[in-house]
There are 2 protein chains.
Amino acid sequence: MGLVVQKYGGSSVADAEGIKRVAKRVVDAKKNGNQVVVVVSAMGDTTDELIDLAEQVSPMPTGREFDMLLTAGERISMALLAMAIKNLGHEAQSFTGSQAGVITDSVHNKARIIDVTPGRIRTSIDEGNIAIVAGFQGVSQEGKNITTLGRGGSDTTAVALAAALDAEVCEIYTDVDGVFTADPRVVKKAKKIDWISFEDMLELAASGSKVLLHRCVEYARRYNIPIHVRSSFSGLRGTWVSNEPQGDQQVEHAIISGVAHDVSEAKVTVVGVPDKPGEAAAIFRAIANAEVNIDMVVQNVSAASTGLTDISFTLPKAEGRKAIDALERARGVIGFDSLRYDDQIAKISLVGAGMKTNPGVTAGFFEALSDAGVNIELISTSEIRISVVTRADDVNEAVRAVHTAFGLDSDSDEAVVYGGTGR
Amino acid sequence: MGLVVQKYGGSSVADAEGIKRVAKRVVDAKKNGNQVVVVVSAMGDTTDELIDLAEQVSPMPTGREFDMLLTAGERISMALLAMAIKNLGHEAQSFTGSQAGVITDSVHNKARIIDVTPGRIRTSIDEGNIAIVAGFQGVSQEGKNITTLGRGGSDTTAVALAAALDAEVCEIYTDVDGVFTADPRVVKKAKKIDWISFEDMLELAASGSKVLLHRCVEYARRYNIPIHVRSSFSGLRGTWVSNEPQGDQQVEHAIISGVAHDVSEAKVTVVGVPDKPGEAAAIFRAIANAEVNIDMVVQNVSAASTGLTDISFTLPKAEGRKAIDALERARGVIGFDSLRYDDQIAKISLVGAGMKTNPGVTAGFFEALSDAGVNIELISTSEIRISVVTRADDVNEAVRAVHTAFGLDSDSDEAVVYGGTGR
């Protein structure tokens, strides 16, 4: 066998029982003849408790000290996991992000990994140990300060270590059985995907699927590290994410991988924009200067009678206030009639590389929505994705209708969901 | 002004309110024109909670991983304190033991500091920051593993940093007002000591006084760092510990510094030991091989009729079982009649450099005990200390009687005690 990197989220190590269960699973992988490197998140609610403490002493905790605080969480879980493994008669050593060689830039609270130098990890596993590494954290190249990677950072730690160690696979253990053709909480007949390409997984992640974060999949694709997403509770085979299916990995849905939805966005419409060169640029420059990330953008056909047009875009609800303020400030420069802000929207996306060569997909998507009585407000497409914005109230019905229309429904209600997410 | 190292124990930073109170005190020291380095312990019960977690996953948590776990505690308190200070408008940076250059040997759970290389701390304070350092922890010279210093380790961190940074003073903030002439919980009329020499403080610490640990005082004496022990609650001036009194430090009790007592020891008597060369050596070799630390040792005058003698010694109760087992195993080699184990004893010690030149002290000590009806079981003396072992039941009365006899009682019931101890 080879080298396996396993990552366990906070819900998998939420208490002593969880840690002992994970320890058994790790030891099993070692007994199977693998070298094993384990990345852990903080236990269950630890991070929230630390944030709560921080807010009690400082109104807006941030920066270097906030990272120093939060990284205590993984330190606790990794040390406990190492102890639990030793208690099963195997040798284990835990390493902080810094000790593991996770080198990042200096942007505290959302640092990016710029290099991984896993010399100590390599030595440890070559000596026969199971190496436990703190997820979510690193050390800055300049200043040697402790940094954190932001939401979903532990998955990225795992993939980055897998790449640096040339691992055979990066196993992401979570509280669901894998990646599904739709959110199983919405679509009872959603199916677990056996294999999915990096490309399709990236689109799903960008479209609201929460099992894997976009950044982590991007990293895995760049270094061609197969990811196996699976449940730490059930022990079942999960979803493989890679360039090409291997061995017995089934590719059931050649055309469509799945349906994703996202209710975390809002829609801003800039009404009455003069239809002349530079107007759109001025709007989105104002937004960008406010450090707001936007998603879909649509410009209406301008009305010939007025020479005015409307521009709509979507963005995370959390950044709505910032965007509106930025546009109001730039109103004199841009010149528009009014702003409309709508946070009662949902985005529904159909993802699949097969749609490149299947011209009927777009039509089928719109027909399914129409048959379900769902009105489309915006449309945006990529080569392997179609997204629409609808009313938030319609989202569940719309997702189910599309899921059924593209033949994704399973024969049984197989979807199993456990609730809770790691970081 | 100069450079001040302040240390705050776990009870001083037990919750957000405590951390904010400490932050104010730290900022005050900075406003007074000092460079300030702060050493903190883990918050209140954090360490106990971590130990409890460890025991849930491993029956006897120990070694490298246990240190990794426990050091999360100071990481939390130091980051929160830095945030609280920044929230008061001052710059602060927190540093782990490793980042602060606290280099130790490789003995996990009770490592000893072998060097301090505080380059990052120096840079940080020279840039105008308040530097916060995690107490109780370091990094091993070989292997670069995280270590902890054992009980009272944070005090030692503070003194060692003060020495390495050539600080003017090491302020140890605690939950009592300073060092008292006796334990104020026992002697209501105990007085706070204004100044005490390193030597007397060392004897008090070795005799049961818990305010400062022996190791920390020893370190301060070696590098001649004045310690100021004071309350983080009252803000009152506390007790200065140094080579010589400075300025207005009062030396009230020229002869006697204080009375200490200790009920944590037990007494072992080896009965019927042949009175010939090598017997005592055999006994204490057996004890030493079991890694038991002993305190007082007394050999009775042997009875001429039998040629047998008794040897008694005291040791921590926690090590009683180990010592008895070791002696029983060596019984064949040593040759003795029986062993007696007695854990209902107390040690009472009178400490003061003045007794070197005052021959009446020993007599006065024994008279005071006699007048109080307290029986003496063992006696042991050093140049500046007399210790006796009595029944545990007699300890409070004995301490009060000696305190009064040597004129240590204050005129008022001034002693203030807050309860709880840091680590």
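Which residues touch the most other members of the largest nonpolar core? In this predicted model, the answer is a pair: A:L80 and B:L80 hold that place in a core of 76 residues.

Let's start with B:L80 and look at its surroundings. Setting aside neighbours within four places in sequence, B:L80 is in contact with A:L53, A:A54, A:V57 and A:L69 from chain A, and with B:I19 and B:M43 from chain B. There is also a second, separate core, made up of 43 residues. Among its members are B:L149, B:A167, B:M201 and B:I225.

Now for chain A as a whole. Its secondary structure comes to 13 helices and 20 strands. The radius of gyration of chain A is 23 Å, close to the 22 Å that the globule rule gives for 423 residues, so chain A is as compact as a globular protein of that length. Contacts tell us about the fold too: of those in chain A with a separation of 6 or more, 75% are accounted for by residues 24 or more positions apart.

| Property of chain A | Value |
|---|---|
| Box filled by the C-alpha atoms, along the principal axes | roughly 80 × 55 × 35 Å |
| Share of the 423 residues that count as buried | 57% |
| Distance between the mean positions of positive and negative charges | 4 Å |

As for charge, chain A carries 42 positive and 56 negative charges.

Conventions:
Residues numbered from 1 in each chain as written. Chains lettered and ligands numbered in written order. Predicted model: local features only at pLDDT ≥ 70, side-chain atom pairs only at ≥ 80, totals over all residues. Heavy atoms only, no water. Helix = DSSP H or I, 4+ residues; strand = E, 2+ residues; numbered from the N terminus. Rg over C-alpha atoms; globule rule 2.2 N^0.38 Å. Buried < 20%, exposed > 50% of the residue type's maximum accessible area, 1.4 Å probe, protein only. Contact = heavy atoms within 4.5 Å. Lys, Arg positive; Asp, Glu negative; His and termini not counted. Charge placed at Lys NZ, Arg CZ, Asp CG, Glu CD. Core = buried A, V, L, I, M, F, W, Y, C linked by side-chain atoms within 4.5 Å.
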